[in-house]
Amino acid sequence: MKKALAILLVLAAGIALWDGRARAQARSIRIALVAKSEANFVFLAARRGAEEKAAALSKAHGAPIEVTWLTPTKEDAAQQVERVRQAVRDKANAILLSASDAETLAPAIDAAVEAGVEVMTFDSDVPGSKRFAFYGADDTDLGEKVAGDLVSLLGGKGQVAILAGSPNANNLKARSDAVKKALARHAGIEVAGVVNHVETPAEAVSEMLKFDAAHPQLTGWALVGGWPLFRSSQSPALMGELQKRALKVVAVDALPEQLIWVERGLVPVLWAQPVYDWGAIGVATIVDKLLLKKTVPRSIRMELIRVTRDDIKSYARRLHSWGFSVPQEYLATR
């Protein structure tokens, strides 16, 4: 009897150990992060946010949470589709995605979900897909904010253009449409055109300079992304152009190297997206759903930050807290 009881205890202990290991294994989460492009610095900030949040939550919950970077080198929706499929093949538990082209990505998202991989979008949504949540700006509101500031800078009159990035990204189209509609409410404002381009700093500046040359009456730009304000071989040419023609510019995004444009008065207003949070809140939401079994909202609104010359230091300190290298003069308290 004692021998039988001992055997049962050993078996029970073995089952408990196996069950504990199985549950620990089930509690591990692998997240594939598929942003639009490594060439766009805002997505490197999202990567930092995702990796740091994963490390913090791993420690807090005692569960391995891993982020794998599967972003294409340059923006390419077809490559994003392949990276989503790769994540499924690699047995990721979830995918955090900023879609370059909603129509192209929707079937891949649905296939991933059907294969048991949860998908969350950020920045650029695919609302008709089976993704479970989206985190990002209200792009219509953001476009209206950009337009409102530009109208104020121009005193309600002038010819302007909209720099719009990829024509296939839902978020950028929504912003551009909102800018155009808001500007149309002002009789003194003429929209000369919407300029699409490859989303790299050099390509963005090149398209701006070409459009400027063809439109000598142009007085301002609404930039629905901050691409031309990142450092490139074209930066001096754009700075010279803005100074020479006294063009008024309002732009979206505000990472450290973009702040010099505000400091010099070349871009009086930046509308900052806390891009670090794309990754941080994306990972936290996935963990809430998969690990903590919480019900999460289908849409999570990102709160925007208006940055002017008066706000540079306070905003720079926020960037610094996110781990960015920021010029020391921006961090000084006096």
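How many of the residues of this chain count as buried? Of its 334 residues, 51% do, where buried means under 20% relative accessible area, exposed means over 50%, and partly exposed covers what lies in between, with a 1.4 Å probe and protein chains only.

Before I go further, a word on what we are looking at. This is a predicted model, in which local features need pLDDT of at least 70 and side-chain atom pairs count only at pLDDT 80 or more, while totals for chains, interfaces and linings use all residues. Residues are numbered from 1 along each chain as its sequence is written, and side-chain values use heavy atoms, with hydrogens and water left out.

Let me start with the overall picture. The chain has twelve helices and twelve strands, taken as DSSP runs numbered from the N terminus, with helices being H or I of at least four residues and strands being E of at least two. Its C-alpha trace spans about 100 × 50 × 35 Å along the principal axes. The accessible surface comes to about 15300 Å², and carbon and sulfur atoms account for 53% of that; these areas come from the Shrake-Rupley method with a 1.4 Å probe, and for residues only the protein chains shown count as cover. If we take contacts, meaning heavy atoms within 4.5 Å, between residues at least 6 apart in sequence, then 73% of them join residues at least 24 apart. As for charge, the mean positions of the 42 positive and 37 negative charges are 6 Å apart, counting Lys and Arg as positive and Asp and Glu as negative, without His or the chain ends, and placing each charge at NZ of Lys, CZ of Arg, CG of Asp or CD of Glu.

Now to the interior. In soluble globular proteins, nonpolar side chains tend to be buried together. A nonpolar core here is a set of buried Ala, Val, Leu, Ile, Met, Phe, Trp, Tyr and Cys residues joined through side-chain atoms within 4.5 Å. The largest such core has 95 residues, of which Trp221, Leu259, Leu270, Trp278 and Tyr315 touch the most other members, and the largest share of this core, seven residues, comes from helix α2, residues 41–61. There is also a second, separate core of 20 residues, which includes Val81, Val84, Leu105 and Ile109.

Helix α2 is where we find valine 42, which is buried because its relative accessible area is 2%. Not counting residues up to four places away in sequence, valine 42 touches Phe230, Asp253, Leu255, Val275 and Trp278. Its C-alpha atom is separated by 21 Å from that of tryptophan 221, 179 residues apart along the chain. Tryptophan 278, with the same exclusion of residues up to four places away, touches Val42, Phe43, Ala46, Leu96, Phe122, Asp123, Tyr135, Gln273 and Met302.

That brings us to aspartate 123, which lies in the loop between β4 and β5, the latter being residues 133–136. Aspartate 123 counts as buried because its relative accessible area is 4%, and its phi is positive, about 65°, although it is not a glycine. Most residues other than glycine have a negative phi. Another positive value, near 55°, is found at alanine 246, in the loop between α8 (235–245) and β9 (248–252).

Which residues does aspartate 139 contact, leaving aside its neighbours within four places in sequence? They are Asp123, Asn171, Ala174, Arg175 and Ala178. Aspartate 139 sits in helix α5, residues 139–154, and counts as buried because its relative accessibility is 11%. Its side chain is joined to that of arginine 175 by a polar contact of 2.8 Å, that is, a pair of N or O atoms within 3.5 Å, where within protein one must be able to donate a hydrogen and the other to accept it, and residues adjacent in sequence count only if both atoms are side-chain atoms.

Threonine 121, in strand β4 (residues 118–122), has a polar contact of 2.7 Å between its side chain and that of aspartate 125. Threonine 121 counts as buried because its relative accessibility is 0%, and among the residues it touches beyond four places away in sequence are Arg131, Phe134 and Tyr135.

I will finish with isoleucine 281 in helix α10, residues 276–290, which counts as partly exposed because its relative accessibility is 28%. Apart from neighbours within four places in sequence, isoleucine 281 is in contact with Met120 and Tyr135.
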